[in-house]
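The exercises below are to be worked with the sequence and the 3D structure side by side. Try each task before reading its solution.

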Amino acid sequence: MTQSGNILIIEGDASVRGILDDCLTELGYQVVAVANGKEGLDQVGSHCFDVVLVDLQIPNPYGLQVIAKLTEANPKLPIVAVSGHGILHDVVEAMRIGAWDHISIPIEDTDAVAVVIQRVLDKAALIAERDRYQYEIERLNRSLEVEV
């Protein structure tokens, strides 16, 4: 199934970055892939992304710092933490500070990557729909207050 959307990959390991890029590009996403936190933050500052994948072990700044900065700037930006097996405490901290999901490396099944991406995109769509309904309810309430 072909998807659409813009995805940023911030991944320090060139082979993992390549696997993620190939997988997501093959699914139909537009992908930008960078090697460190500074490049990633620069990309987010100048482009619009639907999902950002953040390697928890990237340098300059460290992955958790990147997630914290991205979440502070836009709490509704879907962020997926990318971590090696056995780094559960970092994944838990990433989720606590704003990551929506995670992908474990090494990546043994690219279908699992597709499922995670679709899951966070679906959640983002539900949040946007909820926000539209909330806005409409507030607008209707204001118009009723004016009429009373």
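This is a predicted model: local features need pLDDT of at least 70, side-chain atom pairs count only at pLDDT 80 or more; totals for chains, interfaces and linings use all residues.

**Exercise 1.** Determine which residues of α1 are buried, and which exposed residues lie on the face turned away from them.

*Solution.* Begin with the buried set, which in α1 consists of Val16, Arg17, Leu20, Cys23 and Leu24. These residues cover an arc of only 135° around the axis, and therefore they lie on the same side of α1. Turning then to the face away from the buried side of α1, one finds the exposed residues Ala14, Asp22 and Glu26. Beyond the helix, α1 is followed by Gly28, whose phi is positive, near 105°.

**Exercise 2.** Classify Cys23 as buried or exposed, do likewise for Cys48, and state how many disulfides the structure holds.

*Solution.* Cys23 has a relative accessibility of 10% and, because buried means under 20%, it counts as buried. Cys48, by contrast, has a relative accessible area of 63% and is exposed. The structure holds zero disulfides.

**Exercise 3.** Identify the ring over which the charged end of Lys123 sits.

*Solution.* The ring is that of Trp100, and the charged end of Lys123 sits over it, 4.7 Å from its centre. As for pairs between aromatic rings, the count comes to zero.

Technical notes
Residues are numbered from 1 along each chain as its sequence is written. Side-chain values use heavy atoms; hydrogens and water are left out. Rings of Phe, Tyr and Trp (its six-membered ring) pair if their centres lie within 6.5 Å; planes under 30 degrees apart count as stacked, over 60 as edge-to-face and the rest as tilted. A charge sits over a ring if NZ of Lys or CZ of Arg is within 6 Å of the ring centre and within 35 degrees of the ring normal. A disulfide is a pair of cysteine sulfur atoms within 2.5 Å. Buried means under 20% relative accessible area, exposed over 50%, partly exposed in between (1.4 Å probe, protein chains only). Helices (H or I, at least four residues) and strands (E, at least two) are DSSP runs, numbered from the N terminus. The arc is that of the directions from the helix axis to the C-beta atoms.
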